[in-house]
Structure formats: C-alpha cells, structure tokens
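Subject: Structure handover

Hello,

Here is the structure I promised to pass on. Please open it first, then read my notes below.

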Amino acid sequence: MKNPIALVTACLILFSSCEMADENIPVTEFEESVALKAYYDVSFSLDNSARLFSTLTGESYAEEMVDETSGPLIDLVSITNEAFIAFTSPDDEQDDYEVPNASFTAIQHLDSPITAAQFDNMVNGNLLAEMEVEADNESIGISDFKDHIIVFRNAAGEQGAIKLRMLNAERLVVDIKITQ
C-alpha cells in the first residue's frame, strides 16, 4: 500500500457513486389487492323457496330455514316477481318476509358504478372496495335486465355486485362478487 489516502478516497468515490445510482432506480409500488369472493349461478326463486342469500355461506335460503342464529348471515332478499327485479335489505320491515336478527344492507339498483364487462373481468376486490353505494329502493323492469349490475354494501362493510343473468317464470339467476 503505497498511498493509503488514495485507496480511501477511491473507496469513498466508489461507495458514493453506488448510492447515487440507487437513487435513480425507479421504485415500483404495488397496490395491495382486496380479496374477492365470487358466486356463480345463484338462483333466487320467485316463490318463497329460496329468496334469501348469505354472502358469508354462499347459500340461498327459504324464509322458514332462517332463525335467530342464521338471520344475521343473510345479506340479500330477492323481492323479484313477474313484473320487476329487485333486492331489499333483510331488515326491511315493509315487505312480506321476516328475517330474525337481520342487519342492514344498502342496495343500489340503478346507476351502477360498475359495468358488466368490469364485473366479468374482475380478479380482485379493488374496484368494489373503491365504489360508493347509495341505497335507492328502486327496481329493474324485466324487459331490460340482462347483464344489469346491482351493487350493495352489507352490514360488515363488504361491498359487492350482482350481475343479472337469467329470468324465467320460476327463478332469477345471478352471479355475485363481493370483497372479503
């Protein structure tokens, strides 16, 4: 080592230039994905055999199957008939059903912030988590229901979307996606 000062200076320049190079490397930030649950071909009967649905269990229920224990699990109630398609909150006292220990679900039938294409292409719950849901107490005519999107927010704060797929004299078939 003939010149220790030159060696120290060279090391400082080398380390300083490495630190400066690191500052110029672009940092990619990844958005954390919101988990998504999806239920396909969910059937709601037009009679009372399966008008209630739980996003927690993924099952449809007849009103007589719901008691004080299962009542809080219900998120959606179909009040669809031959003239219109509509869902209501399980705690809605104005309809002809009773869900024990029911909680509130906000349901927006019109002016959905999500399109059918966005619903179909959804791989995580980010889009659902970011949307605003305004309960509107509206319904959809049976002539223009195909691929219509209804959005909702349940009592647990999970947000979801319902894609209307098929309606006949006996049942309404939908797909449902919801955040976890």
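An open sheet of four strands is the place to start; its order is E3-E2-E4-E6, and the pairing is antiparallel. Strand E3 (59-61) and strand E6 (87-88) are the edge strands, each pairing on one side only. Keep in mind that this is a predicted model.

Next, look at how E2 meets E3. Strand E2 (residues 52-54) runs antiparallel to E3, and three bridges join them. Phe53 stands opposite Ser60 in E3.

Now the rings. The count comes to three aromatic pairs. One of them is Phe44 with Phe53, edge-to-face, at 6.1 Å centre to centre and 65° between the planes. Both Phe44 and Phe53 are buried. Phe44 also pairs with Phe87, again edge-to-face: 5.1 Å centre to centre, with 75° between the planes. That pair links distant parts of the chain. Phe44 sits in strand E1 (residues 36-45) and Phe87 in strand E6, 43 residues apart.

Why does Phe44 count as buried? Its relative accessibility is 1%, and buried means under 20%. Phe87 has 3% relative accessibility, so Phe87 counts as buried too.

Step back and the ring pairs link up. They join Tyr39, Phe44, Phe53 and Phe87 into a cluster.

One more contact to find: Lys177 lies over the face of Phe119, at 4.8 Å from the ring centre.

Best wishes

How values were computed
Residues numbered from 1 in each chain as written. Predicted model: local features only at pLDDT ≥ 70, side-chain atom pairs only at ≥ 80, totals over all residues. Heavy atoms only, no water. Pairing = 2+ DSSP bridges. Helix = DSSP H or I, 4+ residues; strand = E, 2+ residues; numbered from the N terminus. Phe/Tyr/Trp six-rings, centres within 6.5 Å; stacked < 30°, edge-to-face > 60°. Buried < 20%, exposed > 50% of the residue type's maximum accessible area, 1.4 Å probe, protein only. Lys NZ or Arg CZ within 6 Å of the ring centre and 35° of its normal.
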